[in-house]
Amino acid sequence: MLWTVSLCLLLAVSSSGVPLDRYSTKGQHKVLLISFDGFRWDYDRDVDTPNLDRMAKDGVKARYVTPPYLTITSPTHFTLLTGRYIENHGVIHNMWFNITTSEKLPYYATQFKNEWWDNGTLPIWITAQRQGLRAGSLHFPGTQSTYQGETQTVKDVEPRFYDYKNETKWRENVEKVMGTWFSEMDLDFVSLYFGEPDGTGHKYGPDSPERREMVKQVDRTVGFIRSLAERNGLADSLNIIITADHGMSNVYRNGLVKEITLSRIPGFSFRDIAFHLVDFGPSGMLLPKEGMLDKVYNALKGANPHLHVFKKEEMPERLHFANNNRILPIILFSDPGYVINGFLPVQFNTGEHGFDNEEMDMKPFFRAVGPVFQKNLEVGPFETVNIYPLMCHILGIKPDPNDGHLDATKHMLISTTEDLRQDIKSNIFVGLAAVAGFLVVVFIALVSFNAFKKETNDRSSEKSLPPGGKEETHQTAL
Ligand SMILES: *[C@@H]1O[C@H](CO)[C@@H](O)[C@H](O)[C@H]1NC(C)=O
Ligand SMILES: *[C@@H]1O[C@H](CO)[C@@H](O)[C@H](O)[C@H]1NC(C)=O
Ligand SMILES: *[C@@H]1O[C@H](CO)[C@@H](O)[C@H](O)[C@H]1NC(C)=O
Ligand SMILES: [Zn+2]
């Protein structure tokens, strides 16, 4: 009996008495999140990329990943940093704007608009720091802003008129992150941003020899990053995730297609519009004047088979781009190949992004390598909202509420220290249970033997016992 009780106690202690200690690896593993702006998932297919290939062999490669809609730079990067869809984190556009004053700020100036970024969702830098880690960011969109009054331990904001393509500068930035930030300052998390191959993809198009050359430069840089990680003794602690914000698609014009120009659509007039964001690619938003919503909507809806027109409340739910006060009442996007012009065509890019995130041309690449990642593993696609919970898991921190799931990415990981510890814990439990079980068997055997002996003794002295005897008692005792 005593043994059975002990066994039960042991079971209880092992299974529920000890907390699972889920985030106990805090501080053991570092994460470097790198974005190469506009690196489409298939850019390594027509270029020799020995360093990216080696990274895939040493780590994990996803076939592609799906960015959130709207597929433009600042919103999708903030999803990488928060794990939230764009309607939920509030950075809904590259441009800050005010519908009352009609002010608009371009991408770079918007980096300095604190209230645009700090809209209730904390990026991973701040979440990590609040849990005792140290974070840095170099040129990543959102780096400049403070969040609820807090900022990264170290940050490098992109200078104005920065030369995105200068490989020497790329190497200087990598040296700073690896040598100074990770190695000397012992940071736990760094986000690192490169503005290419986006610029080249816009200017020359995704199928151009210029884009292929830029992919070679990215590949050399990946090799440089990994060699510096080795040289700085980070190979056992640093996990490197490389991805991008969106892809790139060819735009057709010069008579190849009938261009979409809103002012030329019958029944549509900019006089009915209080504020608009068009002329920067395939997406647009309109705020009609009081009472003009249906007129504007009816004029645009169905006007061009390649122009998709939605009232905010009828946006397809899968796009997660409606439920935010900053999103305007009418949302437009065009099919690949087309951009949306306002008064007259003013856009001359050969490549564009901002299309539906279901379009394959909008999918970025994803690679990961480091001590927690499996080797030589290719996985299926997943949404980029899931990168945030993965990074939190590796860092050993508790994620803030987000739209991602660790289940979508955890098959890329080998057993982490925490898992190993839990394995050991369960092995100890199995071991103890086996020993306990064995002891119970021995106990039963001993008791049976004693009882048998006693019974035999009793039998031998039966005659001396009163009738009725103790036999039943012996039986119940067993
Ligand atoms: C827009 O500008 C108006 C007028 O200056 C101001 O009252 C309002 O707070 C501004 N809104 C935002 C979101 O900045
Ligand atoms: C987010 O920004 C909007 C204005 O664009 C503002 O009305 C709202 O209060 C902000 N929310 C938070 C939590 O900062
Ligand atoms: C690239 O950057 C380096 C270092 O900042 C500078 O010395 C060099 O002149 C730049 N090259 C070009 C082509 O601008
Ligand atoms: Zn971008």
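The legends below describe close-up views of a predicted model.

**View 1. The eight-stranded open sheet.**
Eight strands form an open sheet in the order E7-E6-E8-E1-E9-E18-E2-E19, and their pairing is mixed. E7 and strand E19 (377-379) are the edge strands, each pairing on one side only. Direction ignored, neighbouring strands of this sheet are turned by 10 degrees against each other on average. E6 and E7 run parallel and are joined by three bridges. Within this pair, Ser137 has Lys155 in E7 as its bridge partner. Helix H8 lies across strand E1 (30-36), E6, E7, E8 and strand E9 (238-243), and runs at about 175 degrees to E8. H2 lies across E2 and E18, at about 60 degrees to E18.

Helix H2 spans residues 50-58, and its buried residues are Leu52, Met55 and Ala56. Seen down the axis of H2, these buried residues fall within an arc of 100 degrees, so they line one face of the helix. In general, an α-helix has 3.6 residues a turn, so residues three or four places apart point the same way. The exposed residues Pro50 and Lys57 are carried on the face of H2 turned away from its buried side. The packing partners of the buried residues are strand E2 (60-62), helix H10 (209-231) and strand E18 (366-369).

Four strands make an open sheet in the order E12-E13-E15-E14, with antiparallel pairing. Strand E12 (273-277) and strand E14 (307-311) stand at the edges; each has a single partner strand, so one side of each is left without a neighbour in the sheet. On average, and with direction ignored, neighbouring strands of this sheet are turned by 20 degrees against each other. E14 and strand E15 (residues 330-334) run antiparallel and are joined by five bridges. Val309 stands opposite Leu332 in E15. Helix H11 (residues 293-300) packs on the sheet and touches E12, strand E13 (283-288), E14 and E15. The direction of H11 makes about 155 degrees with that of E14.

**View 2. Two cis peptide bonds in loops.**
Most peptide bonds are trans. A cis bond joins Tyr69 and Leu70, with omega about 15 degrees. Leu70 is placed in the loop between strand E3 (65-66) and helix H3 (73-82). Another cis bond runs from Glu196 to Pro197, where omega is near 10 degrees. Pro197 lies in the loop between strand E8 (189-194) and helix H9 (198-204).

**View 3. Two loop residues with positive phi.**
Most residues other than glycine have a negative phi. Gln148 is not a glycine, yet its phi is positive, about 50 degrees. Gln148 lies in the loop between strand E6 (135-138) and strand E7 (154-156). Because Gln148 has 9 C-beta neighbours inside 10 Å, Gln148 counts as exposed. Asp186 has a phi near 60 degrees, which is also a positive value in a residue other than glycine. The loop that holds Asp186 is between helix H8 (167-184) and E8. Asp186 has 11 C-beta neighbours inside 10 Å and therefore counts as exposed.

Asp403 is placed in the loop between helix H12 (387-395) and helix H13 (417-460). The cut-off for a buried residue is 20 or more other C-beta atoms within 10 Å. Asp403 has 20 such atoms within 10 Å and is therefore buried. Leaving aside residues up to four places away in sequence, Asp403 touches Gly83, Arg84, Tyr85, Asn88 and Val385. Val385 is 18 residues apart from Asp403 along the chain, and their C-alpha atoms are separated by 6.2 Å.

Gly90, Asn119, Gly120, Asn325 and Arg326 surround ligand 2. The shell around ligand 2 has no nonpolar, four polar and one charged residue. Ligand 3 is surrounded by Asp163, Asn166, Thr168 and Lys169. The shell around ligand 3 has no nonpolar, two polar and two charged residues.

Note on methods: Residues are numbered from 1 along each chain as its sequence is written. Chains are lettered from A and ligands numbered from 1 in the order in which they are written. This is a predicted model: local features need pLDDT of at least 70, side-chain atom pairs count only at pLDDT 80 or more; totals for chains, interfaces and linings use all residues. A residue is buried if 20 or more other C-beta atoms lie within 10 Å of its own, exposed if 12 or fewer, and partly exposed in between; C-beta atoms are placed from the backbone. The arc is that of the directions from the helix axis to the C-beta atoms. Two residues are in contact if their C-beta atoms, placed from the backbone, lie within 7 Å. A residue is near a molecule or strand if its C-beta atom, placed from the backbone, lies within 6 Å of it. Ala, Val, Leu, Ile, Met, Phe, Trp, Tyr, Cys and Pro count as nonpolar, Asp, Glu, Lys and Arg as charged, and the others, Gly among them, as polar. Two strands pair if DSSP finds at least two bridges between them. Axes are lines fitted to C-alpha atoms, for helices over the stretch in contact, and angles run from 0 to 180 degrees between N-to-C directions.
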